[in-house]
Amino acid sequence: MTRVVVGFDDIDSEWGGCTTHLTGLFLYHIRSKVRLLDYPLLVRLNPNIPWKTRGNAATALHLDYYGDPRELYELAVWMVEEYTRDRDDWDVKRPGVIVYPGDPHSNPRLIWLYHKALRDVITVDIVRSILDKSQALYHGGRGIIGATAGIGALGVGEDYTFELIAYRRPEMVGKERCLFEDEAIRIESLAPTCTFNNVDWLTGRLAAAPRGPDPVLAGFRGDCPDMLKAYRRVLCEEPSFWVLYRSNQHTDPHDSLLTGELTIYNTGTLKARITGWPRVISGGHVVVRASTDWGEDVDIIFYRETNPLPRIGRLLVPGDEVRALGGVKPYTHNGVKTFAVEKLWVDKVATLYKTMSPRCPRCGSRMKSAGTGKGYKCPKCGYTDKNARSIKIRLSRELIPGVYTPKEGRLGHLVMPRWRSKRTNSKINPPDINNVFILE
Ligand code: ATP
């Protein structure tokens, strides 16, 4: 019996397929020759990677394998090649498969790689050099970046959630999905702290179901695996199988402070002081100029889809202090980089004053300046006061310090709901395979 971790990534494309689906099929194939040491892992990486298809997901299976790891590797490569045979996007995409012997969480390089892959852009060379120093068997192109980062993820002490994914029968892929959205709303309202981001509360639609020719029928997210099983009632289309994944989704694993010059596609938390007034640009997005801790100007953008963040963005004024979790976009305005926000902490709201001319002591009208150093004159009754001064009024602010996120159902894959607390006890008991791979 050998302890191994099998990692996959980039096994999908805009034309169909999905890394998690292949992982489920692979698990089904090897079920009689393995013991699970953990739930299958669904690991989301840097959400700003431009070549991702959807949510930048990789998977990892921590196993005891009753056999030779090379045999497991050959099977994984063969299955990936069969699965992706019809793909016509080979110039830009390359699946990645890894079989890593031993415990990746005792290899500091893999842990470092996972955390870097959440925030930065990594090259294939770095990954190969890490893998070549280990006994890992690997295959493929760019996909090995995510596949390798994924096997270093979710070690002891790291926060996690679950996602229960239902997969479609092959003959159904491409057809309309049959889902009871009302039932999803009912379940999501029953267990709001146990399940999250499954319903778009702005539209009442099921956020858990993708659109298009995807093998995923729906994926339900939350902290309580047993509650997630209640979502089976939402499906009026019979799935072919289910997989229960443990995941870094909705745990803010990318929330680490950015400390140097911003680089395109970097992700993390930006501490900044607002220096400009918000502008609404075409499309309804809101942009506000800010200055970072190290004095770099940056345009913070709140996209319309992240409602209510743009509404919060519109309430910012110069002097406010914020921390914005998000990423650097490849656009600049007059050389100033753009930072898109997924979550916002308003740490300090500036005091806002308005300067006004005084009222006329004789008739009560608002006076007008009589010229520099000449005091004020009443335009109505003609009263003049050479010593009158302008008055400063403190304006009330609608914005209060706190944390702001998009409405649930619209949270970024990694963004933690505002009310959720991090798990501190993260010891995982090896699950029974029949509880994580459910054949219908
Ligand atoms: P899905 O969510 O449906 O699985 P996806 O959004 O995960 O699709 P992929 O097709 O897997 O998209 O493409 C992401 C690609 O980006 C993979 O090749 C992966 O190896 C690579 N990648 C992931 N993170 C990084 C990173 N930090 N730096 C460079 N490349 C990365």
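Colleague: What makes the area between domain 1 and domain 2 count as buried?

Modeller: Buried area is the accessible area (1.4 Å probe) that two parts lose on being put together, summed over both. By that definition domain 1 and domain 2 bury about 910 Å² between them, and 50% of it is on carbon and sulfur atoms. On the domain 1 side, N48, H254 and R418 lose the most area to domain 2, together 52% of what that side buries. The model is predicted: local features need pLDDT of at least 70 and side-chain atom pairs pLDDT 80 or more, while totals for chains, interfaces and linings use all residues. Residues are numbered from 1 along each chain as its sequence is written, and side-chain values use heavy atoms, with hydrogens and water left out.

Colleague: Why is the pair K343 and D252 called a salt bridge?

Modeller: The rule asks for a side-chain nitrogen of Lys or Arg within 4 Å of a carboxyl oxygen of Asp or Glu. The N to O distance for K343 and D252 is 2.6 Å, so the pair meets the rule. Between domain 1 and domain 2 the count is 1 salt bridge.

Colleague: Which parts of the chain does the salt bridge of R168 and E237 tie together?

Modeller: The closest N and O atoms of R168 and E237 are 2.7 Å apart. R168 lies in the loop between strand 7 and helix 6, E237 in the loop between helix 7 and strand 11, so the bridge ties together parts 69 residues apart in sequence. Helices (H or I, at least four residues) and strands (E, at least two) are DSSP runs, numbered from the N terminus. By the salt-bridge rule the model has 24 salt bridges.

Colleague: What makes C178 and C236 a disulfide?

Modeller: The cut-off is a pair of cysteine sulfur atoms within 2.5 Å. The sulfur atoms of C178 and C236 are 2.0 Å apart, so the pair qualifies. C178 sits in the loop between strand 7 (161-167) and helix 6 (181-190), and C236 in the loop between helix 7 (225-228) and strand 11 (241-247), 58 residues apart. The angle about the S-S bond is -105°, and the link is left-handed. The count by this rule is 2 disulfides.

Colleague: What is the omega of the peptide bond that joins N307 and P308?

Modeller: Omega is about 10°, and the bond is cis. P308 is in the loop between strand 15 (297-302) and helix 8 (309-313).
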